[in-house]
Structures are given as structure tokens and as C-alpha cells.
Amino acid sequence: MSMDVFRQLLEAQRLAQADLLRRRGVVGVAIGFRSYNEISTDQLAVSVLVEQKKPVEALSEDDLVPQQVNGMRTDVVEVGRLEAHVDPRDRFRPNIPAGVSIGHYMVTAGTLGAVVFDRNTGEPLLLSNNHVLANSNDAVVGDAILQPGPTDHGARPDDVVAKLHRFEKLRFYGEHGPGPTPPTTSPPLLPAGGCDIVELFVNVGNALAKINGSAKRLTSVPAPKAQTSDTPIFPNQVDAALARPNNPTLFQQDIATIGRPNGIKRPQLGMQIRKFGRTTGYTEGKIMLMNATVDVSYGEDKQARFVGQVITSPMSQGGDSGALIIEEDSLQAVGLLFAGSRRATIFTPMDVVLDVMDIDL
């Protein structure tokens with residue numbers, strides 16, 4: 001390799017780097033051997049790193065990478081999404097991003113969804129699920145909230161970062177809501193799920209199987225004996241709770257590896273989405289079903305019905321509850337994740353969460 005050629009490439013990179021990095025999809029610039037049909041050659045080039053290679057017709061003229069810069073050839077190299085290796089189960093101090101482990105001192109762990117603001121006072125608050133911050137209704141206002149959550153070795157008093165502020169009460173099977181007793185339906189069919197993420201029932205799994213063309217169906221098992229065919233079912237809209245940070249300056253509005261949400265957007269069928277959560281980190285998915293009425297398990301003896309929910313391809317595991325769902329190609333918040341299974345993830349539309357909890361992003 002000629003040192004003169006290498007120096008020329010370095011100078012070409014220096015002069016062109018700012019212009020190349022402003023182009024959409026470009027995530028880096030370097031010097032390397034040019035490849036042809038995915039095979040490395042012995043020709044040096046200014047390598048332009050992109051998340052994903054796209055056909056020329058899919059790019060604007062301003063975003064096309066020129067074939068040469070300052071007399072040196074370029075090579076477009078697909079490197080995927082580059083992100084810091086954040087472990088969302090860690091203890092974060094002094095800057096705590098959204099998307100990391102958090103939880104009421106009596107639960108396992110869930111995900112901090114976002115820093116939000118009370119519509120009446122403007123006070124910053126922490127958003128996650130009821131079953132993450134309020135122990136599925138079993139907590140009281142003022143209870144300690146830990147970061148990281150207890151299962152990630154968070155402990156009182158050193159890891160108490162907030163206090164439970166308020167929560168939307170979950171209505172479980174057998175509990176009466178306001179007004180007349182709602183109509184009854186059959187009890188849920190699947191056994192209770194894990195303690196750090198609630199699970200969808202068989203009706204959702206089978207609906208997704210039809211969408212995906214699968215011949216497989218989830219099989220049903222007897223419901224808990226405590227449930228009967230005349231058990232009242234009060235429909236829920238959200239699984240959400242708010243905590244008041246002890247020190248608001250510790251908390252970032254950015255979601256780890258994603259960035260700060262800059263608005264909200266209604267979900268749409270086929271929308272590509274993403275999230276960052278305590279267990280699976282950064283994942284992407286696709287909205288498959290909307291306006292879903294679903295039965296959800298909260299442990300061995302509690303079930304709840306939710307209406308107006310959104311179901312996606314599988315993109316979460318236990319502990320991701322509370323993560324914000326973000327549109328893939330923007331920073332628009334689409335919803336609040338609260339349940340899932342091996343075959344699906346479920347979230348509540350963001351505008352519903354904000355209205356019910358009387359908050360803004």
C-alpha cells in the first residue's frame with residue numbers, strides 16, 4: 001500500500017467528512033479496502049458507513065453518496081445500527097435514561113418509560129406501568145421506587161430514586177367498576193404468566209396466527225377455579241402509574257440509544273416501530289392488530305380485560321413492561337408497552353395513556 005495514496009485518502013476524508021455525515025442514513029466515514037459484490041478488493045477508498053444500503057431511486061439527490069470525493073473513490077459500507085452497549089439492568093448515576101430497569105420495592109423489575117409532565121402543575125414525573133411502579137394495585141402512594149429494580153440488585157435505601165405518586169387502578173375479574181355491573185363473558189384460558197410481565201391469552205395468539213398464515217393455534221387449559229361464568233369483567237384502558245423523582249435532575253428525557261421523544265403519533269396497521277427495554281434492549285417490530293380487546297394475566301389468581309389495545313409482532317420479554325413504543329423512522333411516541341408473550345407484544349396508544357394519566361411528554 002502506497003503511503004502517498006493513503007495520505008491522499010486521509011486528506012480527502014478530512015475535506016469531505018462533514019458533507020458526507022449530513023446525508024441521511026450515513027453514520028460514519030473511514031478509510032478501507034473497497035468491496036465488490038461483498039468481496040474485499042485491494043483498492044483503497046473513502047468508506048461511507050450507512051445503517052442500510054438502499055437503491056438509488058429510494059434516495060434524494062442530496063442523500064446520494066458521490067462516487068468520488070476530492071479525486072478519491074468512495075465505497076458505501078452497510079454497518080447496521082451502531083449503538084453503545086448499554087446494559088439496561090445497571091445502576092445509572094448520575095444520569096438515568098428512560099428504557100432502563102426500575103420498579104416498586106416489592107416487584108421484580110420493569111422499564112422506565114419516559115419523563116413526563118403533569119398537565120396541571122408542569123411537575124416532572126416518571127411513567128411506567130401500574131404493575132411495575134404500583135405492584136398491581138398493592139402499593140400505596142409514597143412507596144419507594146428503585147433504580148435498578150429489586151431483581152437487578154436495587155435495594156433500599158441506596159437505590160430509592162422516586163416515590164409512587166399516583167396510578168390508574170387495575171380492575172380485575174370479579175371486581176365491579178363504577179355504574180352497573182358489566183356483561184359477563186367466559187374466563188381467560190391460559191395459566192398465569194410471570195411476575196415481571198403480563199401475558200396475552202389464547203384469543204390474541206390465535207388471531208395473530210391467522211394474520212401470519214400459521215396453522216398452529218395455542219391450546220387452552222382450564223381457568224383458575226375461582227373464576228366462574230358469571231364473573232363480572234370491568235374493561236381497563238391502561239396499565240399505567242407515575243412516580244415523583246427524588247431528584248429530577250438525575251433523569252434524562254432521552255430513551256437509551258433512541259433519543260428524546262418529540263411528540264406522539266397514532267398507531268397504524270403495518271407501522272414499523274421500536275423500543276428500548278430493561279430485558280431485550282433495542283428491538284423493532286410491526287403493528288399487526290388494532291382496537292384489540294384482550295384478557296391478560298397478572299400472576300396466578302388475577303386476570304384483567306383491556307379494550308382499545310394494539311398488538312405487534314413479538315418484540316419484548318419479561319421486564320420490558322413500561323417501555324415506550326416509538327415509530328421506527330421518527331422520534332414520535334406511539335404507545336406504552338405493558339404485556340406480551342412469545343408470539344406478540346401489546347401496548348396502549350400513547351394519546352390514551354397521556355389523557356388518562358393527565359400528563360404530557
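In the predicted model, strand β18 pairs with strand β19 (residues 303-312) in the antiparallel sense, over 7 bridges. Within this pairing, L289 has I311 of β19 as its bridge partner. The hairpin formed by β18 and β19 has 5 residues between the strands, and G299 in this hairpin adopts a positive phi near 85°.

Strand β17 (residues 272-277) is also antiparallel to β18, to which it is joined by 6 bridges. These two strands form a hairpin with 3 residues between them, and G277 stands opposite G281 of β18. Strand β18 is mostly covered, with 12 of its 17 residues buried.

Residue E284 lies in β18, which spans residues 281-297. The side chain of E284 makes a polar contact of 2.8 Å with the side chain of Y282. Beyond residues up to four places away in sequence, E284 touches I273, R274, M315 and E328. E328 is 44 residues from E284 along the chain, yet the C-alpha atoms of the two residues are separated by 7.5 Å.

A second residue, T348, is located in strand β22 (residues 345-349). Its relative accessibility is 2%, so T348 counts as buried. A polar contact of 2.6 Å links the side chains of T348 and Q309. When neighbours within four places in sequence are left aside, the residues in contact with T348 are Q237, V238, Q309, V334, G335, L336, F338 and V353.

Definitions and conventions
Residues are numbered from 1 along each chain as its sequence is written. This is a predicted model: local features need pLDDT of at least 70, side-chain atom pairs count only at pLDDT 80 or more; totals for chains, interfaces and linings use all residues. Side-chain values use heavy atoms; hydrogens and water are left out. Helices (H or I, at least four residues) and strands (E, at least two) are DSSP runs, numbered from the N terminus. Contact means heavy atoms within 4.5 Å. A polar contact is a pair of N or O atoms within 3.5 Å; within protein, one must be able to donate a hydrogen and the other to accept it, and residues adjacent in sequence count only if both atoms are side-chain atoms. Buried means under 20% relative accessible area, exposed over 50%, partly exposed in between (1.4 Å probe, protein chains only). Two strands pair if DSSP finds at least two bridges between them.
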